[in-house]
Amino acid sequence: MAPEKPARKQEGFQSVWTRPRTGREQPALSREQIVAEALRLLDEEGIDALSMRKLGARLGAGATSLYRHVANKDELLELAVDEIYGEIEVTTTPDAANWRTDTASCAHSLRTTILRHPWLASVLGELGMSYLGPNWMRVSEAMLRLLTTAGFPADEADRALTTVVAYVTGTATAEAAWLNVLARSGQDEQSMVEQLWPAAEEAAQDYPLLREGYAEQRGTDPRAAREEGFQYGLDRVLDGLATRLSN
C-alpha cells in the first residue's frame with residue numbers, strides 16, 4: 001500500500017472552510033460519504049484509529065481517492081466535527097420570556113452531543129476554524145437571535161453566547177475524556193469510581209475540606225453527580241447573564 005500523503009504546507013490557517021472545493025472530486029465517492037464513514041470509524045474505534053488509509057479501505061477506495069475531497073486528516077476532522085454540530089438542537093422561534101429555558105436547552109443539547117461522541121475531547125481545542133462550518137453557523141445564528149430577542153444588544157449577545165459555549169464545551173470535554181478512560185478500562189462508571197475511592201481518600205488525608213467533600217460524595221451515583229454538577233454551573237452562568245437584562 002502507498003504511504004499516506006503528507007499535508008501540503010500553506011501560508012496562514014489551513015482549513016477546509018477557507019479554500020474552495022476542488023473540481024477534481026471523484027463522482028463515485030462523495031465528500032458526504034467520506035464524512036459519514038469517518039464518523040462511524042471515530043465513534044466505533046476512537047480518534048487514534050482514524051487514518052486516511054484505513055478510512056479508504058472501509059470505503060473500498062485508496063487513500064489517494066480521499067485526497068480529491070480533503071487535503072489531509074485535519075480537514076476531514078473539521079468536516080466530521082461540523083457534521084456532529086448538526087445534531088445540536090436550538091429553537092428557531094425564540095420568545096423573550098423563555099430565553100433562559102431555551103438557552104439551557106441548547107446548552108444541554110451541546111453537552112449531550114459531545115458526550116455522544118467522546119473522541120471530540122481530544123480535538124475540539126485544536127480545530128481553530130471549526131466555527132466556519134455551516135452547522136455551527138446555523139447554531140450560532142439561532143442562538144444570537146434567541147439572545148437578541150431576549151434583549152441583549154448584538155455585541156453583548158455574541159459575548160454571552162461565547163460564555164455559554166465555553167462553559168459547556170469545557171465541562172463536557174472533561175466529561176468526555178473521563179468516558180474515554182472508562183471505555184478503555186472496560187469498566188462501568190460506578191465500578192471505576194468505587195475502585196478509585198481509596199486512593200482519592202488517601203490523597204485527601206491532609207486536606208480537611210477535600211476529605212469532607214469526598215466523604216459526602218462516597219456512594220453517590222457518579223452519572224447523576226455529573227448531571228447535577230453541570231446543571232449547577234449552567235444555572236450560575238445564566239444567573240450572571242440574567243443580571244445584564246435587569247440593568
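Predicted model: local features only at pLDDT ≥ 70, side-chain atom pairs only at ≥ 80, totals over all residues.

Student: Okay. What do the buried residues of α2 pack against?

Tutor: They pack against α1, α3 and α4. Those names are DSSP runs numbered from the N terminus: helices are H or I with at least four residues, strands are E with at least two.

Student: Which residues of α2 are buried?

Tutor: M52, L55 and G56. "Buried" is under 20% relative accessible area, "exposed" over 50%, and "partly exposed" in between, using a 1.4 Å probe and protein chains only.

Student: Why say that the buried residues of α2 line one face of the helix?

Tutor: Because, seen down the axis of α2, they fall within an arc of 100 degrees. The arc is taken from the directions from the helix axis to the C-beta atoms. As background, an α-helix has 3.6 residues a turn, so residues three or four places apart point the same way.

Student: Now a loop residue. Why is W119 called buried?

Tutor: W119 sits in the loop between α5 and α6. Its relative accessible area is 3%, so W119 counts as buried under the 20% cut-off.

Student: What makes the W119 and D43 pair a polar contact?

Tutor: Their side chains come to 2.8 Å. The term asks for a pair of N or O atoms within 3.5 Å; within protein, one must be able to donate a hydrogen and the other to accept it, and residues adjacent in sequence count only if both atoms are side-chain atoms. The 2.8 Å value falls within that limit.

Student: And E189, a charged residue: why is E189 counted as buried?

Tutor: E189 is found in helix α8. At 13% relative accessibility it falls under 20%, so the label applies. Beyond neighbours within four places in sequence, E189 is in contact with W178, L182, P222, R223 and R226.

Student: Last one: what makes something a nonpolar core?

Tutor: It's a set of buried Ala, Val, Leu, Ile, Met, Phe, Trp, Tyr and Cys residues joined through side-chain atoms within 4.5 Å. The largest one here has 57 residues, and L76, W99, W119, L120 and L147 touch the most other members. Helix α7 gives the largest share, nine residues.

Conventions:
Residues numbered from 1 in each chain as written. Heavy atoms only, no water. Contact = heavy atoms within 4.5 Å.
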